[in-house]
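Here is a friendly walk through some helix packing, ring pairs and individual residues. Keep the structure open beside the text as you read.

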Amino acid sequence: MNPFSSGTRLRDMIRAIRACKTAAEERGVVRKECAAIRASINENDQDYRHRNMAKLMFIHMLGYPTHFGQMECLKLIASPGFPEKRIGYLGLMLLLDERQEVLMLVTNSLKQDLNHTNQYIVGLALCALGNICSAEMARDLAPEVERLLQFRDPNIRKKAALCSIRIIKKVPDLAENFINPATSLLREKHHGVLITGVQLCTDLCKTSTEALEHIRKKCTDGLVRSLRDLANSPYSPEYDIAGITDPFLHIRLLKLLRVLGEGDADASDSMNDILAQVATKTESNKVAGNAILYECVQTIMSIEDNGGLRVLAINILGRFLSNRDNNIRYVALNMLMRAVTADAQAVQRHRATILECVKDLDASIRKRALELVYVLVNETNVKPLVKELVDYLEVSDLDFREDLTTKICSIVAKFSPEKIWYIDQMLKVLSEAGNFVKDEVWYALIVVVSNASELHGYTVRALYRAFQTSAEQETLVRVTVWCIGEYGDMLVNNIGMLDIEDPITVTESDAVDVVEIAIKRHASDLTTKAMALVALLKLSSRFPSCSERIGEIIVQFKGNLVLELQQRAIEFNSVISKHQNIRSTLVERMPVLDEATFIGRRAGSLPGAASTATAPSVSLPNGLAKPAAPLVDLLDLSSDDPVAPSSSGGDFLQDLLGVDLSPASQQSGAGQASKSGTDVLLDLLSIGSPVQSNSVDILSSNTSNKAPVSPLDDLSSLSLSSRSTSNAGPVMDLLGGISSSPPTENNGPVYPSVTAFESSSLRLTFNFTKQPGNPQTTVIQATFTNLSSNTYTDFVFQAAVPKFLQLHLDPASGNTLPATGNGSITQTLRVTNSQHGKKSLVMRIRIAYKINGKDTLEEGQISNFPRDL
Amino acid sequence: MGIRFVLMVNKQGQTRLAQYYEYLTVEERRTLEGEIVRKCLARNEHQCSFVEHRNYKIVYRRYASLFFLVGVDDGENELAILEFIHLLVETMDRHFGNVCELDIMFHLEKVHFMLEEMVMNGCIVETSKSNILTPIQLMDKTSS
């Protein structure tokens, strides 16, 4: 006999599948079986239907598609025999779900079965209904189920009760009908019916407040009595688990009591005795007992306040915490999190144990404990807590470190009593786990440092020491480099020493060494190197003796392949060698960054406070705002830009500088290195014409000796070729004495038109014009030509641009594009480039049209815009 | 609500039984099962039996070569579910006599029936072993 005919018994098929050594073999076997089953279904084979269904279920469990078996289920359900019905219903529940329309066909069969004389069949139907019924089916069959709630057989009653739960969930309007039968279920003796009745009532209370009132009034006493009977009942072998009678029922009753007692003082009062009894009498050396205690504690915490009970509950939790079983500890930590809102003092007493749990071997426990610690932190205990956490940071696992670092940073930021402590802690964190520290965090650190003027010297010395030991942490290096650049003179001259410091001698060349190491390390990334270059510029002004050496270091980067570094190197070199007179003003100390604005801006740009993904939705005292991902450019084309984290910090600082440039010159604030792009610095140097090509041209024109020009003339020629007049005025004041020849405008330069996009069926051409006096805005005339021989209808053009551009699309001239270039559609676009001159335009386009009613979509990216748009 | 799914998976990661009480496509199920099983298999004996995955909690227990995984909502009592897993195993044991993985594989429908009697729509219905096994024994008697 062919082993793969549909006559195979289930177990032979299973054996065959198990014998397969590879996944491909298994797929082959399954495919053959499915084919055989499908053939058998087509022939409407009666005998093997049962078997086929069983096989189908197995195959479904393995993960293969089995929709062809759905109608078989229906046929099986409709057949009179019990085994067939059984398998049919099982198949129904496994292979179908409420979203399939096939389910509607079952409704009639279900109705008949619900009225069947054989109670097992009724049970089957109820089961199926309870598991997968949809809203319409629920509505149709609700009266039947209601009737069955009062059936004589307890098994049917219990199944009907669970079915009602689902019906109520699907059709909440029907809840009222079920209230009365549900309450009568609560007086049952049979455990199965009681447990389902309790569940039904719990759900009723959740869906309708009217039900809640009703049940609370009528049934609370009854429930309390049932629980008492249960707790005091003698040993019954049927339901006994680990010495306790039916712990599941205990737990369900406690849950219902919780729902009833929440917010209602009377109900809570009536429960106090029984809760106390359960809490004290239940044995806690077995899982079942602990489960009951856990539920009991949850209930006590949620109902109205009763001092004695609460203390009892927290004591139980304390006992759980010191239990050796990990499961129990986990559960206790979970509960404590919720208890904190109720009674924070009591939980504080267990702080030491919780801290121990943070260091536990088990990952789940560590996570819970950390969240709990985070919630417990307040001004009084922040110092010892953070000390513990930082100590642990050194020995923690890598995957836990990120969580830990984030939490420590936010605790420190929120609760630091004094700045020096904040700086200390942050330095420790940076030295240990700098690579996990997010960008906002070290921006904030720098803001704080710049604000704490009395601590500048201390900070820079501490950083210097830290750098000697932990130079592999990227963020530490960055912060160190920035601080040395700013406060290098304090470092060398030991200015602003605090009493607690040890004296340290650092020579100027030592300081320069540090920056040199930072810039030359392989591991330093672009941000660090860029920051280091700027720091070197500052140092060259503050340490004139090292100026030559610094110049040499910078010169090495003039030929660097990365545009950002090359540009900075060239410009700084030019400042150092030729423009010494402005250098010192250029790199004066930065103005103090306004902390309040920074924090406000940062809070504004972050999403709403949410502690962690997994914490329960309880209003915790310390909401942590999740650090937002830096606002990345839409098209992510600026990968060659050094600093993506320009998000909040950068924009803010750019804004700051924008404000600072207009008033008097003493706000040179030019040491504007750090995190934002070099754009701002360029503004200053090229006096408002931040065109990269422009300044490079000017400077390279110097080196190529086109004409011997004096430094001052250079600067004026810079101003000459400036195309944007925005910053020209005030910055000229700054440099004073530079002949302010009017900048020549390139009025409406002619830009070549560009074929922006071409595919086999469509061409898109752009023509550019610029308004005189408005160099940032370009008006683009887009022309679409149809290259195929079909006419395009419903022509829609869409474009997306990165954040530094603004795009405005005028309506198109039409939306039908005749074939083969017989006509064209034009559309005008207005693009404003806020980084005009620094970045050229880029655009992503999407064109949608219909050919003969069929939708077509074309997408592309345009990067061949003329450079100076 | 309550229980979202019940899985029995062996140590090589093959699913022996899967009962879902909420709708998931086949693809989703496969990925879900894969991820959870990897997490649970990676843990050792001394770690606690509760794992958090996406928005569920998974309560698991290992019996010989088979892992029993139950996915539950956040509000559910984990220790109770742990007990429930044990009850399930004991029920199967009483029916099959010294149940092992092969028993479950070759009598998959019976195990499904048992589970159906115990859990409906994500809620625990029946906890008495004799009540659970009566209909199954009846069915065996009539069909044999």
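## Helices α14 and α16 of chain A

In this predicted model, helix α14 (residues 265-281) of chain A and helix α16 (residues 307-321) of chain A have axes that come within 11 Å and cross at roughly 20°. Helices (H or I, at least four residues) and strands (E, at least two) are DSSP runs, numbered from the N terminus. Axes are lines fitted to C-alpha atoms, for helices over the stretch in contact, with angles from 0 to 180 degrees between N-to-C directions. α14(A) and α16(A) are therefore roughly parallel to each other; angles under 35 degrees count as roughly parallel, over 145 as roughly antiparallel, 65 to 115 as roughly perpendicular and the rest as oblique.

The crossing of α14(A) and α16(A) is left-handed, a term used if the near helix is turned anticlockwise from the far one by less than a right angle, with right-handed used if clockwise. On the α14(A) side, the contact (heavy atoms within 4.5 Å) is made by N272(A), L275(A), A276(A), A279(A) and T280(A), and on the α16(A) side by L309(A), L312(A) and I316(A). Sorted by class, the contact of α14(A) with α16(A) has six nonpolar, two polar and no charged residues. Here Ala, Val, Leu, Ile, Met, Phe, Trp, Tyr, Cys and Pro count as nonpolar, Asp, Glu, Lys and Arg as charged, and the others, Gly among them, as polar.

## Two further helix pairs

Where helix α26 (residues 474-493) of chain A meets helix α27 (residues 508-520) of chain A, the axes come within 10 Å and cross at roughly 165°. α26(A) and α27(A) are therefore roughly antiparallel to each other, and their crossing is left-handed. From α26(A), the contact uses V477(A), T480(A), V481(A), I484(A), L491(A) and V492(A); from α27(A), E508(A), A511(A), V514(A), V515(A) and A518(A). By class, that contact of α26(A) with α27(A) has nine nonpolar, one polar and one charged residues.

Helix α5 (residues 82-95) of chain A and helix α7 (residues 119-132) of chain A have axes that come within 10 Å and cross at roughly 5°. That makes α5(A) roughly parallel to α7(A). Residues of α5(A) in this meeting include F82(A), Y89(A) and M93(A), and among those of α7(A) are Y120(A), L124(A) and I132(A). The contact of α5(A) with α7(A) has eleven nonpolar, one polar and two charged residues.

## Chain A as a whole

Chain A has 37 helices and ten strands. Of its 869 residues, 55% are buried, meaning under 20% relative accessible area, with exposed over 50% and partly exposed in between (1.4 Å probe, protein chains only). Among contacts in chain A between residues at least 6 apart in sequence, 67% join residues at least 24 apart.

## Aromatic pairs

How many aromatic pairs does a search of the whole structure find over all chains? The search finds nine, where rings of Phe, Tyr and Trp (its six-membered ring) pair if their centres lie within 6.5 Å, and planes under 30 degrees apart count as stacked, over 60 as edge-to-face and the rest as tilted. The rings of Y330(A) and F50(B) have centres 5.4 Å apart and planes at 45°, so this pair is tilted. Y330(A) lies in helix α17 (residues 326-342) of chain A and F50(B) in strand β3 (residues 50-53) of chain B, so the pair joins two chains. Y330(A) and F50(B) are buried.

The rings of F5(B) and Y56(B) have centres 5.5 Å apart and planes at 80°, so this pair is edge-to-face. It links distant parts of the chain, with F5(B) in strand β1 (residues 3-10) of chain B and Y56(B) in strand β4 (residues 56-63) of chain B, 51 residues apart. Both F5(B) and Y56(B) are buried. Ring pairs also link F784(A), F795(A), F797(A) and Y849(A) into a cluster.

V72(B) sits in strand β5 (residues 66-72) of chain B and counts as buried at 0% relative accessibility. Leaving out residues up to four places away in sequence, V72(B) touches several residues, including I3(B), Y56(B) and I81(B).

Most residues other than glycine have a negative phi. D794(A), in strand β6 (residues 792-800) of chain A, has a positive phi near 55° and counts as partly exposed at 38% relative accessibility. N121(B), in the loop between β6 (119-120) and β7 (123-124) of chain B, has a positive phi of about 55° and counts as buried at 6% relative accessibility.

## Reading notes

Residues are numbered from 1 along each chain as its sequence is written, while chains are lettered from A and ligands numbered from 1 in the order in which they are written. Local features need pLDDT of at least 70, side-chain atom pairs count only at pLDDT 80 or more, and totals for chains, interfaces and linings use all residues, while side-chain values use heavy atoms, with hydrogens and water left out.
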